[in-house]
Amino acid sequence: MDEPAGLRERKKERTRNLIAQEALRLFRAQGFDEVSVVEVAAAAEVSKATLFRYFPTKEDLVLHRFADHLGEAARVVRERPAGLTPTAALRDHFLAGLAERNPITGLNDHPEILSFQDLIYRTPSLRTGMRQRYTSQDIDALADALPSGSGDAPPIVRHLAAAHLIAVQQELGQENWRTITSGRTADEAYDDAVAAAEGAYGQLMTGLDAV
């Protein structure tokens, strides 16, 4: 008798989670480049073919964790309150993330979070993969969500605006991670992180010539 669809899906999810957990354990212990896909599959007790059914590339074993945030900036812009500009909406969203110590802001000193961020930022192939798989999609989605203004500006203008907005979020997050790895706690770094975010988004609001 065939298994119920719900049971099959739960089994698939457990397998996927196990593979991801074993991969992260090995990558943290030995380094991303030092661990092969075959070793990850063996640790998770699955075949290499099974692993690739869940994670098409080695980088996906780590980067899939960003999938939940894909399109987040576009959503924030689309759902912003009336009268709030896109940049102001994204600034407020980032500031709220800082207050919550959301890992995506980089202002989180939990050892597990720091270990994961270290893996990302210190591995060139993961940084490249993140840009190729998620950053470009985020920029495209945000460009579509930005208002067209008078409608006279070519699409490249909105795309460039979206690229600046996504870059600000990412650079702030990476700078906060650097601050935490230098020895400061998230609480100690919070005020400076807020000031940096307000300054960075404020710069986009006023224009780069005001530097």
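Q: Which residues lie nearest the centre of the largest pocket?
A: Phe66, Ile104, Ile120, Tyr121 and Met130 lie nearest its centre, out of 32 residues that line the pocket. Bear in mind that this is a predicted model.

Q: What volume does the largest pocket have?
A: The volume of the largest pocket is about 780 Å³.

Q: And which helices supply at least two residues of the lining each?
A: Helix 1 (5-30), helix 5 (72-78), helix 7, helix 8 and helix 9 each supply at least two.

Q: Which helix gives the most to that lining?
A: Helix 9 does, with seven residues.

Q: How do the lining residues divide into nonpolar, polar and charged?
A: The lining of the largest pocket has 14 nonpolar, ten polar and eight charged residues.

Q: Let's step back. How many helices and strands does the chain have?
A: The chain has ten helices and zero strands. Read along the sequence, the pattern is therefore α-α-α-α-α-α-α-α-α-α.

Q: What box do the C-alpha atoms fill?
A: Taken along the principal axes, the box is roughly 60 × 45 × 30 Å.

Q: Now the packing. At what angle do helix 7 and helix 8 pack?
A: Helix 7 (residues 111-121) meets helix 8 at an angle of about 85°, and their axes are 6 Å apart. Angles of 65 to 115 degrees count as roughly perpendicular, so helix 7 is roughly perpendicular to helix 8.

Q: Which residues make that contact between helix 7 and helix 8?
A: On helix 7 they are Leu119, Ile120 and Tyr121, and on helix 8 they are Leu126, Arg127 and Met130. Five of the residues in this contact are nonpolar, none is polar and one is charged. Ile120, Tyr121 and Met130 also came up among the residues nearest the centre of the largest pocket.

Q: What about helix 8 and helix 9, at what angle do they pack?
A: Helix 8 (residues 124-145) and helix 9 (residues 155-181) pack at about 130°, with axes 8 Å apart. That angle makes helix 8 oblique to helix 9.

Q: Is the crossing of helix 8 and helix 9 left-handed or right-handed?
A: The crossing is right-handed.

Q: Which residues make the contact there?
A: Helix 8 uses Thr135, Asp138, Ile139, Asp140, Leu142, Ala143 and Asp144. Helix 9 uses Arg158, His159, Ala162, Ala163, Leu165, Ile166 and Gln170. By class, this contact of helix 8 with helix 9 has seven nonpolar, three polar and four charged residues.

Q: Last pair. How far apart are the axes of helix 9 and helix 10?
A: The axes of helix 9 and helix 10 (residues 186-206) are 10 Å apart, and the two helices pack at an angle of about 160°. Angles over 145 degrees count as roughly antiparallel, so helix 9 is roughly antiparallel to helix 10. The crossing of helix 9 and helix 10 is right-handed.

Q: Which residues are in that contact?
A: From helix 9 there are His164, Leu165, Val168, Gln169, Leu172, Asn176, Thr179 and Ile180. From helix 10 there are Ala186, Ala189, Ala193, Ala196, Ala197, Ala200, Tyr201 and Leu204.

Q: How many of those are nonpolar, polar and charged?
A: The contact of helix 9 with helix 10 has twelve nonpolar, four polar and no charged residues.

Methods: Residues numbered from 1 in each chain as written. Predicted model: local features only at pLDDT ≥ 70, side-chain atom pairs only at ≥ 80, totals over all residues. Heavy atoms only, no water. Axes fitted to C-alpha atoms, helices over the stretch in contact; angles between N-to-C directions. Helix = DSSP H or I, 4+ residues; strand = E, 2+ residues; numbered from the N terminus. Parallel < 35°, antiparallel > 145°, perpendicular 65-115°, else oblique. Left-handed = near helix turned anticlockwise from the far one by under 90°. Contact = heavy atoms within 4.5 Å. Nonpolar A, V, L, I, M, F, W, Y, C, P; charged D, E, K, R; others polar. 1 Å grid on protein atoms, 1.4 Å probe; cavity = no way out; pocket = protein on both sides within 12 Å on 5 of 7 lines; lining within 4 Å. Points joined across faces, edges and corners; volume = space filled by probe spheres on them.
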